[in-house]
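Open your viewer and get ready to click along.

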Amino acid sequence: MATFAAYCILLLAAMLEGGGAALVRLGLHSATSANRIGLFVAGAVVLFLYGLTVNLPSWDFGRLLGVYVTLFFVVAQAINLVVFHVKPGAPILLGGALILAGGLVMTFWRA
């Protein structure tokens with residue numbers, strides 16, 4: 001069974017992935033080349049740190065990423081709301097509920 005520390009690591013990884021992707025997205029829409037390059041470099045560094053972080057827990061890789069997807073979904077929606085000011089609609093909320101249900105099954109179902 002996963003430890004609390006492993007979930008914290010996965011949450012950090014989700015924040016790094018979502019944050020890195022948001023930096024790249026901001027870079028794509030930046031008005032100046034200097035800002036664009038800076039945001040791209042920052043995004044690349046943060047996404048590299050995500051790649052390291054998501055693989056730290058010593059779980060089965062399939063289960064690890066299954067639980068991770070749940071955390072990433074929640075973080076991505078929070079970033080979308082806070083940074084890009086986009087509220088999730090009904091399809092996102094319903095699909096998200098299914099993602100969360102799957103994450104709970106993978107976390108708590110003991111074989």
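L49 sits in helix α2, which spans residues 33–54.

**The surface around L49**

Together with L49, they form a nonpolar patch on the surface, with about 570 Å² of accessible area.

Stay in helix α2 and click on A34, which also lies there. Is A34 buried or exposed? A34 is exposed, with a relative accessible area of 61%, because that value is over the 50% needed for the exposed class. If you like, draw a distance from A34 to V82: their C-alpha atoms are separated by 24 Å, and the two residues are 48 apart along the chain.

**Into the core**

Next, select L10, A13, Y50, V54, W59 and Y68. These are the residues with the most contacts inside the largest nonpolar core, which has 15 residues. Helices α1 (4–28), α2 and α3 each supply at least two residues of this core, and α1 gives the most, with six. As a general rule, nonpolar side chains tend to be buried together in soluble globular proteins.

Zoom in on L10. Which residues does L10 touch, leaving aside its neighbours within four places in sequence? Its contacts are V54, P57, W59, L64, V67, Y68 and L71. Among these partners, V54, W59 and Y68 are also on the list of core residues with the most contacts.

**Zoom out**

Switch to a cartoon view of the chain. There are four helices and zero strands, so from the N terminus on you can follow the order α-α-α-α. The C-alpha atoms fill a box of roughly 55 × 35 × 20 Å along the principal axes.

Show the surface next: the chain exposes about 7000 Å², and carbon and sulfur atoms supply 76% of that area. Of the 111 residues, 26% count as buried. Among contacts with a separation of 6 or more, 69% come from residues 24 or more positions apart.

**Colour by confidence**

Finally, colour by pLDDT. The chain averages 91, and 98% of the residues score at least 70. Confidence is highest in α2, at a mean of 95, and lowest in helix α3 (residues 61–82), at a mean of 90. Where pLDDT is low, predicted coordinates should not be read in detail.

Definitions and conventions: Residues are numbered from 1 along each chain as its sequence is written. This is a predicted model: local features need pLDDT of at least 70, side-chain atom pairs count only at pLDDT 80 or more; totals for chains, interfaces and linings use all residues. Side-chain values use heavy atoms; hydrogens and water are left out. Patches are made of residues with over 30% relative accessible area and no salt bridge: like charges are joined within 9 Å, nonpolar side chains (Val, Leu, Ile, Met, Phe, Trp, Tyr) within 5 Å. Accessible areas come from the Shrake-Rupley method with a 1.4 Å probe; for residues, only the protein chains shown count as cover. A salt bridge is a side-chain nitrogen of Lys or Arg within 4 Å of a carboxyl oxygen of Asp or Glu. pLDDT is the predictor's confidence in each residue, from 0 to 100. A nonpolar core is a set of buried Ala, Val, Leu, Ile, Met, Phe, Trp, Tyr and Cys residues joined through side-chain atoms within 4.5 Å. Buried means under 20% relative accessible area, exposed over 50%, partly exposed in between (1.4 Å probe, protein chains only). Contact means heavy atoms within 4.5 Å.
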